[in-house]
Amino acid sequence: MKLCMPSPLAFTFSLVFLYLFIMIDLHTHTVFSDGELIPFELVRRAEAIGYTAIAITDHMDASNLDLIIPRIVKAIEKLKPHVSIEVLAGAEITHAPTELIADLVKEARQLGAKIVVVHGETIAEPVRKGTNRAAIEAGADILSHPGLISIEDMLRAKEKHVHLEITARRGHAFTNGYIAKEAIRFGVPLCLNTDAHSPSDLITREYARKILLGAGIEESRLDSVFENSTSLVDKVLRRSNA
Ligand SMILES: [Zn+2]
Ligand SMILES: [Zn+2]
């Protein structure tokens, strides 16, 4: 039997394609919290603009973790064989007292959340002081919109390999420049997410690049931010297959 190997040119082209166009978004909302879309439509719209992976991370606290996560998991199981995009169940632990964050992160994982985000100390909302630190200590995957996060917390995030978010969301994005500058200075992993609540919040890879450039990240470093999201998805998938 003759094996049909791709030509070196085709192989290089596919690598370049992956490198330039992968769009991963690990922080989005549906009607299960304050988003506008049901999960199937959110995923379809993301797939249609070229996403390769998405996490559904609705706002949660002790009242609704066990209501929402099993439903998201069920929807993803049904959808998975029919879409070309990786879809991950998740949670965004939101406005929880700092003492409860570790248990909520743990409970979210036990219920099936593959990506656990904690709603960080954005300057746009009265998030409790200490939330950033509690999220990092709890081992969240992503600390979203961490606002004017302290250098001490940044260093702890680096140690615990918690990703700090550069966000496309208005208001929360005011501190992107500070987060990018200090995270790069100290080698803390960054990832770019939309925090989408509406169809129009989903973005292309090209627009994501512009947001990163606008945060003051040099062109030569942009790919490493996208690669962090790819590695996080790989890690999560390995964890779930283990
Ligand atoms: Zn949030
Ligand atoms: Zn959010």
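S5, residues 115-119, runs parallel to S4 and is joined to S4 by four bridges; strands count as paired if DSSP finds at least two bridges between them. From S4 the chain passes through H4 to S5, a β-α-β crossover that is right-handed, meaning that with the strands pointing away from the viewer the path from the first strand over the helix to the second runs clockwise.

The model is predicted: local features require pLDDT of at least 70 and side-chain atom pairs pLDDT 80 or more, while totals for chains, interfaces and linings use all residues. Residues are numbered from 1 along each chain as its sequence is written, and chains are lettered from A and ligands numbered from 1 in the order in which they are written.

Helices (H or I, at least four residues) and strands (E, at least two) are DSSP runs, numbered from the N terminus.

S4 also pairs in the parallel sense with S2, residues 53-56, over four bridges, and there Ala55 is partnered by Leu88 of S4. With S3, residues 59-60, S4 forms two bridges, again parallel; His59 stands opposite Glu92.

How many residues of S4 are buried? Seven of the eight are, where buried denotes 20 or more other C-beta atoms within 10 Å of the residue's own, with C-beta atoms placed from the backbone.

Methods:
Buried ≥ 20, exposed ≤ 12 C-beta atoms within 10 Å, placed from the backbone.
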